[in-house]
Amino acid sequence: MANPENLIPNDQRTPSQRRANASKAGKASAKARRERKAMRELAQIVLDTPMKAGKRDTINTIEDLKKEGGPNISVEEFALFNIARKAMSGDVSAMTFLRDTIGEKPTDCIEISSAVDEAEAEITSMIEAELSSRDKDDCS
C-alpha cells in the first residue's frame, strides 16, 4: 500500500506530469478492457462447445433430453437444462436465475418521501439566507 505522506496531489504536479499519469491510466484501462473482452470471448467459445464430437442435436421438447446417451448439445445448453431441471424441482434460486436470464427481472422501485422535499426547501432557504447576508456585507 502506498504511503499517503509520499503521494503528491494532482494540483501540485506539472501539466506534463499530469499528462503522463493520464496516459498511463488510459493504457492500463485499455489493457483491462482487452483482457475482459478476451475472457468474454473465451467463455463464449467454452459455452458454445458441443458436449460430444459430431453434429449438435436440436432440442424441441424435454423428451429429447431423455434419449439414450443424452443429446449432443453445447455446454451452455447443458448448463441451462440442468438449471431448468432444478427450477422444476422447486429450487427458487434456479427459477430466479432463469427468469433474470431471459430478461424478466423485476425492477426495483425507489419511493421518495415528502421528507426529501422538506429538506430541499430547508437547504434552499439556507442558501438564500447566506447569499443575502453576503450581498449585505458587500454593500457596507
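These are my notebook entries on what I looked up in this predicted model.

**Ground rules**

I number residues from 1 along each chain as its sequence is written. Since the model is a prediction, I kept local features to a pLDDT of at least 70 and side-chain atom pairs to pLDDT 80 or more, while totals for chains, interfaces and linings use all residues, and side-chain values use heavy atoms, with hydrogens and water left out.

**Entry: helix α1 and its arginines**

I began with helix α1, which covers residues 15-48. Helices here are DSSP runs (H or I, at least four residues; strands are E, at least two), numbered from the N terminus. Arginine 34 sits in this helix. Is arginine 34 buried or exposed? I looked it up: arginine 34 is exposed, at a relative accessible area of 54%. My cut-offs are under 20% relative accessible area for buried and over 50% for exposed, with partly exposed in between (1.4 Å probe, protein chains only).

Valine 46 belongs to helix α1, and I noted valine 46 as partly exposed, at 43% relative accessibility.

**Entry: salt bridges**

How many salt bridges are there? I found four by the rule used here, which asks for a side-chain nitrogen of Lys or Arg within 4 Å of a carboxyl oxygen of Asp or Glu. Side chains of opposite charge can pair when their charged atoms come close.

- Lysine 31 and glutamate 35 join their side chains in a salt bridge of 4.0 Å, N to O. They are about one helical turn apart, because they lie four residues from each other in helix α1. Lysine 31 is partly exposed at 46%, and glutamate 35 is partly exposed at 47%.
- Glutamate 77 and arginine 56 meet in a salt bridge of 3.6 Å, N to O. This pair links distant parts of the chain, 21 residues apart, with glutamate 77 in helix α2 and arginine 56 in the loop between α1 and α2. I have glutamate 77 as partly exposed at 26% and arginine 56 as partly exposed at 36%.
- Arginine 99 pairs with aspartate 100, their closest N and O atoms being 2.8 Å apart. Arginine 99 is partly exposed at 27%, and aspartate 100 is partly exposed at 28%.

**Entry: a serine in the loop**

Serine 74 is in the loop between α1 and α2, the latter being residues 75-88. Why does serine 74 count as buried? Serine 74 counts as buried because its relative accessibility is 2%. I then checked which residues serine 74 touches, leaving out those up to four places away in sequence. They are Leu47, Asp48, Thr49, Pro50, Met51 and Arg56, where contact means heavy atoms within 4.5 Å. Arg56 is the arginine that meets glutamate 77 in a salt bridge.

**Entry: distances along and across**

I finished with some C-alpha separations. Threonine 101 is in helix α3, residues 92-101, and is partly exposed at 47%. Threonine 101 and leucine 80 are 21 residues apart in sequence, with 9.9 Å between their C-alpha atoms. Glutamate 77 and lysine 27 are 50 residues apart along the chain, and 37 Å separates their C-alpha atoms. Glutamine 17 is in helix α1 and is partly exposed at 37%. From glutamine 17 to methionine 126, 109 residues apart along the chain, I noted a C-alpha separation of 41 Å.
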